[in-house]
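Hi everyone, thanks for making time today. Let me put the model up on the screen, and then we can walk through it together.

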Amino acid sequence: MRRVFDSQLIGPFAAMLIVALIVALTTDRFLDPGNLSNLSLQVSIVALIAIGSSIVIFAAGIDLSAGSMVALLTMIFAQMLKFAGIPIFVALPAILLVGALLGFGLGIITAYGRIPSFITTLAALIAFRGLALTFNNGSPIFSLDPALETVFYGRLFGLPLPFFYLVFFYAMAAIVMNFSKLGREIYAVGGNPAAAVLTGINVKKVQAITFAIAGFMTAVGAILMSARLNSGSPNYGQTLELQAIAAAVVGGASLAGGRGNVLATLMGAMTIVIVQNGLNLNAAPSSVQNVVLGLIILLAVGIDMWRAEISRFLSRLRGGATKSAR
Amino acid sequence: MSANDSPLWEFVNISKAYPGVLANDKVCIKLMPGSIHGLLGENGCGKSTMIKTLSGVQQPDSGQILHKGKEVRIADPDDARRRGVATVFQEFSIVPTLSVGENIFLGNMPRNRLGLIDWKTVNDASARVLKKLDIELSPETITGSLSVGEQQLVEIAKAVAMDAEMVILDEPTAALGEHEIEQLHVLLRKMRAQGTSILYVSHRLDEVERIVDEVTILRSGKVVRESGETEINVSEIVAAMVGEDVSEHYPKENNSVDDVVFECQNLRTRFGVNGASFDLRKGEVLGLGGVLGSGRTEIAHAIFGVDKLTDGALLLNGKKIEIKNEMQAINAGFALVPENRKYDGLFFNFRASGNITAAALPRIARRGFLDLAAEAKGTERLMNELEISPQAEKKTVNFLSGGNQQKVVIARWLFSEANILIFDEPTQGIDIGAKIAVYKLMNALTRAGKSIILISSDHDELLAMSDRIAVVQHGHINRVVGAGELSHDDLVRASSYGDAGDARPAAAAARIQTNSNESLAAEAIQ
Ligand SMILES: Nc1ncnc2c1ncn2[C@@H]1O[C@H](COP(=O)(O)OP(=O)(O)OP(=O)(O)O)[C@@H](O)[C@H]1O
Ligand SMILES: [Mg+2]
């Protein structure tokens, strides 16, 4: 009933192409292979985190904690590698587990404690950054492990490794959301929680699981962040949660839950990053970039809300055109 | 009846299209002062579309609207109100977090000399309106804590309070019991006597027959029968609506055999079930009769694991069973078609298939992954069997007519292969053709040896379609009698209104509706 490549992808895909076209027209450096490869590195962290943010949104929740959780996890990761002497092949899965557990905890509080996720994760947004500051007297930790950098900068078949992470995790997410029982239950819970309860779906469990997934994907993002800069810092990841949510929204996910396609989120993330890249290449100050990001979000939601009006307007244009032709 | 012969409002060749459908096709209608005008037709024939045009919610594509003979444009709902049109829309428009009084005067708040809201007037005037309707509600109650039926009454009170010349009621009685309907009729007759023009939509034709002076019938957006042509009687109306003669409104088959398959012993919950006991036989339709708030839905919730039992036992095929939540109920073979398919039944983000398989996902899942081919096949079979519109699989179910939506919800429980089905107001708001389809479905189910517990506020339906009827009062079963031994009046008397208020507030409070998805879910799971 839900096809992986359905019509929900067309809009976000078109938006991405249009944005890419505009950027390519304004600067000849955009299509430079170096820039494109840089772009895929740039998009990887936010796009991976956005998988989790989208899934939470599909279940009618919201996750504001991702950015701060990234800071906290990079600090824990750095602590493990630098001061606790834990080898990297142990520290990597450990961080993924910690991320999933933190997310699951937030999910449990939200679902079973009946506190809106906006509040739980807002509290976490504040608290996690505070926690991050308790490590190493609040100072960043540098030069963790030379092997770590290959996690981000390594290449396979000439392509940067983060490209493969994107392919892998988005493929997984698309399979789970479209073909698994859990995916179906997530959409059901987001679409109508009362009906989900009456059809025997364990709504609280499903909600908690979406936050665990979000925590896990945030941990993946945190590892890449650490690897990219070979460090951990309590300042990492600021506004990352908002960029991830923006990616989902630009990808057409409904904040009311139940509607959205995880692959469209990838398009959304790329659209945002391409815009940022275009502004960078045209030497726009970062203040402008934030204003533009805000406008993109408004426009994406606006197009969704005004869909009926837009189609009526277009059909009137067409009707008017045929009339005047006669 | 009518004071003069010129219409108060008139539609001349009004057309209105939505993407893909011509919802109103050159509709003409004359609404006379001092007259109750029935607007009838199948689901999706364009009744609400007409009403939205007259209420200024939308603009017609073409045609004229005449007010007392003069052509007017109704710019928006506020404009309609200023021109003396008050509307109770089919979809609720009350604000659940406000009090009853605030809702009644919403957008129209009386103010004192300082420009502040005049609470005394709000409360006094609301109390007067509520009294007129014989509604025992305090103006200060928070509307969200009321039952669906009571919220509907508040909607009606809101329109009445406007003292409008033209009152439009779009399916005001769908969620009401006999008593409330009677009360509404009394009020409408009073308003008619004072010269108010009333436009009335309902799918409960017996009730329509009693109250309306003239009818207009729509089919696929066109007027197929105009006002004042012939006598108003149900079978003629049905013939005009459906386009063919319908001989039997209640095609009841008796499939009940003597084996008891399920028994409730002395059920009690904190939400208004007070020692309910009854048994259910194989192939039987057991009707639960009673007034609004008597605890029928709450008994369904007690069985289905929605509300925790504080006492009592459930026996399935003679063996005691434990049902702690909805999942266990479904696994034990129970099904619940909930009272309000919009709020509790449908997933509007899914097509038919997602809705139909939702209660039986484990059946189409292998190692956590869904067998989509099996899902498509099962869905297609049921859609054919139940004659669900093929549109249902092309788009999400919010585009379907009420009747098709209800069939989708029922199909869900056929897919889950439930043996004991609880139908809570299964024909609410669906047209006569769809109702008969639901009745035939009930026959097919009982013929296959399944049993049905039927809750219905439509007494004719309840009497005609049940084998036995359990009379519910204050969450307690007073007696169980053969449906044939009971007349309409008996049923009214047996479940007499009295002080049924006892059971109600707790039950209603348990079903507070909020706008937030999360708290809705949380609320429902408790
Ligand atoms: N906002 C809308 N957008 C698109 N189509 C619509 C919209 N509202 C109604 N329709 C379609 O217009 C037709 C008429 O709908 P309408 O709501 O007027 O029917 P109705 O007679 O009130 O039915 P019911 O008895 O179920 O309330 C239907 O086919 C419906 O699907
Ligand atoms: Mg309608």
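Let's start with a strand in chain B. Met166(B), Ile168(B) and Asp170(B) point one way from strand 7 of chain B, Val167(B) and Leu169(B) point the other way, and all are buried. By buried I mean that 20 or more other C-beta atoms lie within 10 Å of the residue's own, with exposed being 12 or fewer, partly exposed in between, and C-beta atoms placed from the backbone. Strands here are DSSP runs of E with at least two residues, helices are runs of H or I with at least four, and both are numbered from the N terminus.

A quick word on the source: this is a predicted model, where local features need pLDDT of at least 70, side-chain atom pairs count only at pLDDT 80 or more, and totals for chains, interfaces and linings use all residues. Residues are numbered from 1 along each chain as its sequence is written, while chains are lettered from A and ligands numbered from 1 in the order in which they are written.

Back to strand 7 of chain B, which covers residues 166-170. What does it pair with? On pairing, DSSP has to find at least two bridges between two strands. Strand 6 (residues 85-88) of chain B pairs with strand 7 in the parallel sense over four bridges, and Val88(B) stands opposite Leu169(B). Strand 8 (residues 197-201) of chain B also runs parallel to strand 7, joined to it by five bridges. There, Ile198(B) is the bridge partner of Val167(B).

Now the whole of chain B. It has 20 helices and 22 strands. Its radius of gyration is 23 Å, close to the 24 Å that the globule rule gives for 526 residues, so chain B is as compact as a globular protein of that length. For that, the radius is taken over C-alpha atoms, and the rule is 2.2 Å times the number of residues to the power 0.38. Buried residues make up 52% of the chain.

Chain B also holds an open sheet of six strands, in the order 16-19-20-13-21-22, with mixed pairing. Its edge strands, each pairing on one side only, are strand 16 (334-337) and strand 22 (476-482). Further in, strand 13 (residues 285-289) and strand 20 (residues 451-455) of chain B pair in the parallel sense over four bridges, with Leu288(B) partnered by Ile455(B).

Over to chain A, and helix 4 (residues 88-112). This helix has 25 residues and reaches 35 Å from first C-alpha to last, close to the 36 Å expected at 1.5 Å a residue; the expected span is 1.5 Å times one less than the number of residues. Its buried residues, among them Leu92(A), Ile95(A) and Leu106(A), pack against helix 3 (66-83), helix 5 (117-133) and helix 10 (203-229) of chain A. Just after helix 4, Arg114(A) takes a positive phi of about 55 degrees.

Finally, how many residues of the two chains are in contact? I count a contact when two C-beta atoms, placed from the backbone, lie within 7 Å. With that cut-off, 29 residues of chain A are in contact with 35 residues of chain B. On the chain A side, helix 8 (181-191), helix 9 (193-198) and helix 10 each give two or more residues, and helix 8 gives the most, with seven.

That's my tour, so please jump in with questions.
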